[in-house]
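Subject: Structure handover

Hello,

The structure we spoke about is below. Notes on what was found in it follow.

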Amino acid sequence: MVSLCPTTLSSPFHSKTLKLNSYPQNANHRPFSLLPLSAVASRSGYETERGFDFEIGDTFFRHESATGRDLGVLAAALYKKKNDNLRVLDAMCGCGIRSLRYLSEAQADFVLANDANEDCNGVIVSNLSTVSSEEEGRWKVIHSVANRVLAERYVERDYFDFIDVDSFGSDSSFFRCAFDVVKLGGLLYVTSTDGFSSGGHRPNHSLAAYGAYIRPLPYSNEIGLRMLIGGAVREASVLGYHVSPLFSYYSYHGPVFRVLLRVNRGKPPHGMHYGFICYCDCCGNSQAISWDKLGQIKCPCGSDVPDSLVVCGPLWTGPLHCAEFLAEMLSLAGEWGWVGNDTINDLDKLLKRMIDESNPDLSFGFIKLDEIASRAKVNSPPIVTVMNAIHQEGYGVSRSHISNNAIKTNCPMSECIRIVKGLQQQQL
């Protein structure tokens, strides 16, 4: 692997571009075979991702976010296959790599690439020109704040099938404008990078941004995803829409929380999974609390230790993923050569774990093996051994894509402790 050396920032109006073989515009196209996802500097100011050489200039770019871009492209391509049309709005496009990939890999009919920084224009135009010329009308580059772009699209009745908002921090101000511009049945790909709020360190900030008062919990990074979805659910319901998450992805760099939502009109068909999460420090169990039970919260363990119950919310308490949609994404990734023994990244492992997490029998949150071992006062057994033992007891269990040494299960903590102690005894 070639390490990335510090690059010399090139002019945003650099006239030289690396030429790229564009895909044939037909339904049987196949993107480039998987190349290493980590950035490789082929020359000053350029990066490589999925076979694309592109200029970054002085734009903000993270090669670690490539997996999030992979997931977005796969989802957009599936939408295109099912609907025969794909109009994408990349609201904060940076150097334009997402827009470039939506055009080439998802075969978008049109991409509106926006970035508030006008100095990025040369870089974005240069990168998108490797796919098609501006005169062909498949893309357009504009420069304005995201909310203004979304509001103008709404006024002009210019709607989009797929809207990608790769925002920074806990900026949720775009939700309402985005819901007005995405087509019914369309997809909205949202972002948060606010790890402080998801960790419960800024509860008043999370309350202002997402309407959720968040306190520290052992599975704070999953709370970050649920906080983001919950904020979207709240804003969508105000406008008469309902949203359902197709996948929810956490990455430690940043950290980054990304969620793909499907937007539809009316009330959710299976009820609104929007309430509170309660965690007991004494027994280690979590439970969902509905609005009408807020004044009756107590843990089944009967603990009377003051402040042992930690309550967060309101936020999303339903499933984080749609297993059927993820299976389609995994199948498409296989067709494109993005998964398998010869690939460099762990996209197939990620998608398979997300599918396992989609088991409706599993409760929200996850349990770290270290916590179980600490409560049981034993050494941590191998995670596969613990999972097999839990499964044999008749409980559902899966790995967590958020934490490698954690499991999602409907097995109570007390039973997990008993099982781990039993495994320890078997080794004596």
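**What was found**

Of the 428 residues of the protein chain, 55% count as buried, where buried means under 20% relative accessible area with a 1.4 Å probe, protein chains only, exposed means over 50%, and partly exposed lies in between. This is a predicted model, in which local features need pLDDT of at least 70 and side-chain atom pairs count only at pLDDT 80 or more, while totals for chains, interfaces and linings use all residues. Residues are numbered from 1 along each chain as its sequence is written, and side-chain values use heavy atoms, with hydrogens and water left out.

The protein chain has 13 helices and 15 strands; these are DSSP runs numbered from the N terminus, helices being H or I of at least four residues and strands E of at least two. Among contacts (heavy atoms within 4.5 Å) between residues at least 6 apart in sequence, 70% join residues at least 24 apart.

**H9 and H10**

Helix H9 (residues 323–335) packs against helix H10 (residues 347–357) at about 160°, with the axes 9 Å apart. Axes are lines fitted to C-alpha atoms, for helices over the stretch in contact, and angles run from 0 to 180 degrees between N-to-C directions. That angle makes H9 roughly antiparallel to H10 (under 35 degrees is roughly parallel, over 145 roughly antiparallel, 65 to 115 roughly perpendicular, the rest oblique). H9 contributes Ala323, Leu326, Ala327, Met329, Leu330 and Ala333 to the contact, and H10 contributes Leu347, Asp348, Leu351, Lys352, Met354 and Ile355. Ten of these residues are nonpolar, none polar and two charged, with Ala, Val, Leu, Ile, Met, Phe, Trp, Tyr, Cys and Pro counted as nonpolar, Asp, Glu, Lys and Arg as charged, and the others, Gly among them, as polar.

**H11 and the sheet**

In helix H11 (residues 369–376), the buried residues are Leu369, Glu371, Ile372, Ala373 and Ala376. Their cover includes strands S10 (274–280), S13 (367–368) and S15 (406–409) and helices H12 (383–392) and H13 (413–427). Lys377 follows H11 and has a positive phi, near 60°.

S13 and S15 also belong to an open sheet of three strands in the order S13-S15-S14, with antiparallel pairing; two strands pair if DSSP finds at least two bridges between them. S13 and S14 (397–399) are the edge strands, each pairing on one side only. Two bridges join S13 to S15, and Ile367 stands opposite Ile407 in S15. H12 lies across S14 and S15, running at about 160° to S14.

Regards
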